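Subject: Structure handover

Hello,

Here is the structure for you to look at. My notes on its salt bridges and cavities follow below it.

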Amino acid sequence: MIRFRFIKSAKKQGGSASRDRRVTVIVFSLFFSWLLTVPFEGRVLYAIMEYHGVAAQSFMFGAIAAHFSGLIACGIFVRNMRTAKRLILFSIAFCAAATGVFFLPPSFYFLWRAALFGSAFLVGCCVAAWGFYFKGCAPKNERIKIMADGLIFSNLLMILINMAAVYIFPQVGLGFSILVLVLAFVTAFRLPQEVAETPRKREKQPSVSTSIKSEEIKVGKVGSLAFLCLFIVVVTINSGLMYQVINPAFAHLEWLTSWYWALPYIAALFIMRNLSPKTNRAYMLYIAIAWIGFSFIAFLMLGRSWADYLLINTLLLGACGIYDLFWWSILGDMIELDKNPAKIIGIGLAANVLGVLLGELIGNAINMADGSEQNHTLLALGVVCVTLIMLPPLHKMLTGLLKSHAYLTTLAEMPEKEQTLLINGLDLIERFTEREHEVMLLLINGRTNKDIAAELFIAESTVKYHVSNIYSKAGVASRTELTNLILKNPNKFSE
C-alpha cells in the first residue's frame with residue numbers, strides 16, 4: 001500500500017511539473033510575441049504610426065530604452081517566485097490597457113508616449129521575472145529546448161499579428177495583439193507561486209577549501225557574465241543596423257517582408273533545437289558569424305529585388321536565431337549560480353537590447369551624415385571581426401564555469417557509460433594508464449585541474465602531468481580537440 005501511494009504521488013508530481021513547463025512556455029510565448037509586435041520595433045506599432053502620419057523614430061528609441069531599464073530593474077525588487085507571478089500578472093494587464101490607448105487619435109500624443117514607455121518598461125520586468133519559472137519549472141537538461149520552443153512560438157504568433165496589421169488593417173493587428181495579452185493573463189494565473197524542491201540532507205559547516213572554491217566560482221560567474229554581456233552587445237549591433245539600414249531598403253516589398261522576415265530565424269531555432277547531442281554546436285557560432293558578414297556584403301553588392309531580400313534576410317536572421325538560442329541557453333545554465341534568476345536573465349537580455357539600441361543609433365547617425373551603404377557594411381564587417389576575436393576566450397571562460405553545455409562541449413552531456421564507450425572506441429585505452437583514463441573522463445566533463453585534483457585526491461601538478469600525457473598520446477593540444485576527436489574519430493589511432 002505504501003509503495004502504491006509513493007508511485008501515485010510520484011506520478012502526480014511528474015504530471016504537475018510537466019503542466020508547469022507547458023504553462024511557462026505558453027505565457028512566455030504570448031507576452032513575448034506582443035513585445036515583438038508592438039514596443040520592440042513592432043510592425044503593428046509602425047503600421048499604426050504610418051496610418052496616422054506620425055513619425056515612429058522617437059517612439060521606438062524611447063521604447064527600447066524603457067525596455068532596457070525594465071530588464072535591469074526587475075532583479076532589484078523581485079526576489080522570489082511569488083512576487084514574480086504578481087509582477088507578471090500586473091505587467092500583462094497594464095500592457096493590454098496601454099495597447100488599447102493606440103485606438104485613440106494622434107491628438108492624444110502624450111498619452112500614446114506614456115502608454116508605450118510604461119508598457120515597454122513593465123514588459124522588460126516581466127521577461128526578467130519569467131527567469132524564476134525558467135529556473136524552477138524547466139529541468140536543466142531541457143532548458144535549451146524549452147527556450148527554443150518559446151522563441152519559435154512567439155515568432156510564429158508575431159508573423160500572424162503582423163500579417164493582420166499589414167493585409168487587413170492596422171487596428172486589426174492592434175486588437176489581435178491585445179487578445180494575445182488577454183490569453184497570456186488568463187494562462188499566467190496557472191503559474192505556480194512556488195516550486196517544491198527535493199529535500200536535502202543537512203550540510204556540514206563548509207571547510208576553508210570549500211569556501212575558497214565557492215568564492216572562486218562567484219568571481220568566475222561575474223567575470224563570465226560580464227564578458228558574455230559584452231559579447232552580446234557587440235554581436236547585436238548588427239541587429240540594430242538591420243532595423244535602420246536593411247529593413248528600410250526593402251520597405252517596398254512589404255507583401256514579402258511582413259511574413260518572411262522571421263522565418264529563417266524560426267528555422268535556425270528549430271534546427272539547433274533538434275541537433276544530435278554529438279553535433280558540435282560551437283562550430284555553428286563561427287558559421288553564423290560568417291553569415292552575418294556575407295549578408296551585409298550581399299546587401300552592398302546586390303539589388304533590391306525580392307530574390308536579393310530572400311538571400312540577405314535568410315543569412316542574417318538565420319545567424320540571429322543561432323546566437324539568440326546560444327546566449328539564452330547560456331543564461332539558462334548561469335541562473336543556477338545565483339539565487340535570483342531575474343537578475344541574470346535581466347542583465348543578459350539587457351545586453352541584447354543595448355546592442356540593438358547602439359546599432360540603431362549608429363545606423364541613424366550614418367544615415368544623417370551621408371547615408372552611404374558602404375559605411376554601414378564596413379561597420380558591420382568590423383563588428384564581425386571583433387566577434388571572431390571574442391569567441392575563443394568566451395568559449396574558454398564559459399567552459400570553465402558551466403562544465404557542460406550544448407554549445408560548449410557536446411560530450412559532457414552524454415551519460416558516463418556512453419562517454420566510456422566512445423573513449424574505448426579510440427583504441428587508445430591500452431596506451432592510457434588507469435589514472436589517465438580517470439583524468440580523461442573528468443577532463444572532458446569540463447573539470448578544471450584543481451577540481452580533478454580534489455576529486456582524485458592527488459596533487460594539481462600530478463594532474464597537469466597526466467593531462468600532458470593524455471594530449472601527447474592522443475595527438476591533440478587542447479581539451480576541445482580531445483573532445484572532438486572522441487566524438488568524430490573513434491578509430492583514428494587503431495593499430
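A term first: buried means under 20% relative accessible area, exposed means over 50%, and partly exposed lies in between, with a 1.4 Å probe and protein chains only. The model is predicted, so local features need pLDDT of at least 70 and side-chain atom pairs count only at pLDDT 80 or more, while totals for chains, interfaces and linings use all residues. Residues are numbered from 1 along each chain as its sequence is written, and side-chain values use heavy atoms, with hydrogens and water left out.

Salt bridges

There are four salt bridges in the structure (a side-chain nitrogen of Lys or Arg within 4 Å of a carboxyl oxygen of Asp or Glu). One of them joins R273 and D149, with the closest N and O atoms 2.7 Å apart. R273 is in helix α11 (residues 263-273) and D149 in helix α7, so the pair links parts of the chain 124 residues apart (helices are DSSP runs of H or I with at least four residues, strands are runs of E with at least two, and both are numbered from the N terminus). D149 counts as buried, because its relative accessibility is 19%.

Another salt bridge is formed by E142 and R21, at 3.7 Å between the closest N and O atoms. E142 sits in the loop between α6 (131-136) and α7, and R21 in helix α1, 121 residues apart. E142 is partly exposed at 32%, and R21 is partly exposed at 22%.

D20 and R19 also meet in a salt bridge, at 2.9 Å from N to O. Here D20 is buried at 9%, whereas R19 is partly exposed at 33%.

Cavities

A cavity is a set of points on a 1 Å grid over the protein atoms alone where a 1.4 Å probe fits but cannot get out; its lining residues have an atom within 4 Å of a point. Grid points are joined across faces, edges and corners, and a volume is the space filled by probe spheres set on the points. The count is two cavities of 30 Å³ or more.

The largest cavity holds about 390 Å³. It is lined by 25 residues, and L36, F40, Y243, D324 and N352 are the closest to its centre. Helix α13 gives the largest share of this lining, five residues.

The second largest cavity holds about 70 Å³. Its lining includes V235, N238, Y323, D324 and W327. The elements that give two or more residues to this lining are α9 and α13, and α13 gives the most, with six.

Regards

Methods:
On a 1 Å grid over the protein atoms alone, a cavity is a set of points where a 1.4 Å probe fits but cannot get out, and a pocket is an open set with protein on both sides within 12 Å along at least five of seven lines; lining residues have an atom within 4 Å of a point.
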